[in-house]
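Have the 3D view open as you read.

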Amino acid sequence: MKRKQPGRKAPSAHLEGLGSSLMHTVRVWQVAPVRTEWTAVLPVRAGREESARRLVTEALARNPDMGGGPPRNAVGLLEPGAGRRGMRFNPSERALWPPAALYLEFMPAGSDMVYAQYELAHHILERAAPLLVDASWYTILTQCEDILDRWEIAAGRLHYERHLTEEEQARAMLQQLEPSLRGHLG
């Protein structure tokens with residue numbers, strides 16, 4: 001497969017080859033409104049919680065994983081005393097987060113090698129964007145780390161940008177795009 005030169009952008013809707021049945025290592029760095037690694041925590045706007053909960057639950061039910069249950073690595077619900085797989089809801093850590101009764105969690109299974117439901121996550125977040133607080137995060141995909149994606153929720157819309165790099169160059173590009181992550185990409 002011919003790779004594009006470092007820094008070349010792929011079309012923003014380009015998710016080809018990242019369907020629900022492919023194995024990927026997914027590494028996530030969120031930069032706003034919460035600083036996280038391994039997952040992104042997306043606050044739901046006040047009063048929109050039921051709509052967000054229904055949207056995510058229904059989308060996951062329509063797209064079961066290979067075992068018939070909800071997909072492990074797409075978008076999860078994160079709230080006190082409930083939720084799916086993924087981050088444990090830690091009240092002391094939550095004190096640093098923007099207040100919300102419900103958060104959506106992007107890639108809740110973390111960096112494990114899993115069947116990444118990347119297209120499904122994109123679909124859910126595209127529909128949920130009007131319900132969410134503005135946020136931005138980056139992902140690096142595959143074992144050779146040659147795909148860097150920038151995700152952003154802004155003014156109720158999902159913005160997605162893909163950068164294809166040479167093997168092992170995605171972290172270097174991420175440091176160029178987001179200098180605040182230097183020293184945090186280990």
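Accessible areas here come from the Shrake-Rupley method with a 1.4 Å probe. On that basis, the protein, which is a predicted model, exposes about 9,100 Å², and carbon and sulfur atoms supply 50% of that area. Turning from the surface to the inside, 47% of the 186 residues are buried.

Next, look at the overall build. The secondary structure comprises four helices and 12 strands. How much of the contact pattern links residues 24 or more positions apart? Among contacts with a separation of 6 or more, such pairs account for 64%.

Helix α1 covers residues 49-62 and helix α3 covers residues 118-128; their axes come within 10 Å and cross at roughly 155°. Because angles over 145 degrees count as roughly antiparallel, α1 is roughly antiparallel to α3. The crossing of α1 past α3 is right-handed. On the α1 side, the contact is made by Leu55, Val56, Ala59, Leu60 and Arg62, while α3 brings Leu120, Ile124, Arg127 and Ala128.

Finally, find strand β5, residues 40-43, which holds Val41. Is Val41 buried or exposed? Its relative accessible area is 0%, so Val41 is buried. The C-alpha atom of Val41 is separated by 9.5 Å from that of Leu77, a residue 36 residues apart from Val41 along the chain.

Methods: Residues are numbered from 1 along each chain as its sequence is written. This is a predicted model: local features need pLDDT of at least 70, side-chain atom pairs count only at pLDDT 80 or more; totals for chains, interfaces and linings use all residues. Side-chain values use heavy atoms; hydrogens and water are left out. Helices (H or I, at least four residues) and strands (E, at least two) are DSSP runs, numbered from the N terminus. Buried means under 20% relative accessible area, exposed over 50%, partly exposed in between (1.4 Å probe, protein chains only). Contact means heavy atoms within 4.5 Å. Axes are lines fitted to C-alpha atoms, for helices over the stretch in contact, and angles run from 0 to 180 degrees between N-to-C directions. Angles under 35 degrees count as roughly parallel, over 145 as roughly antiparallel, 65 to 115 as roughly perpendicular and the rest as oblique. A crossing is left-handed if the near helix is turned anticlockwise from the far one by less than a right angle, and right-handed if clockwise.
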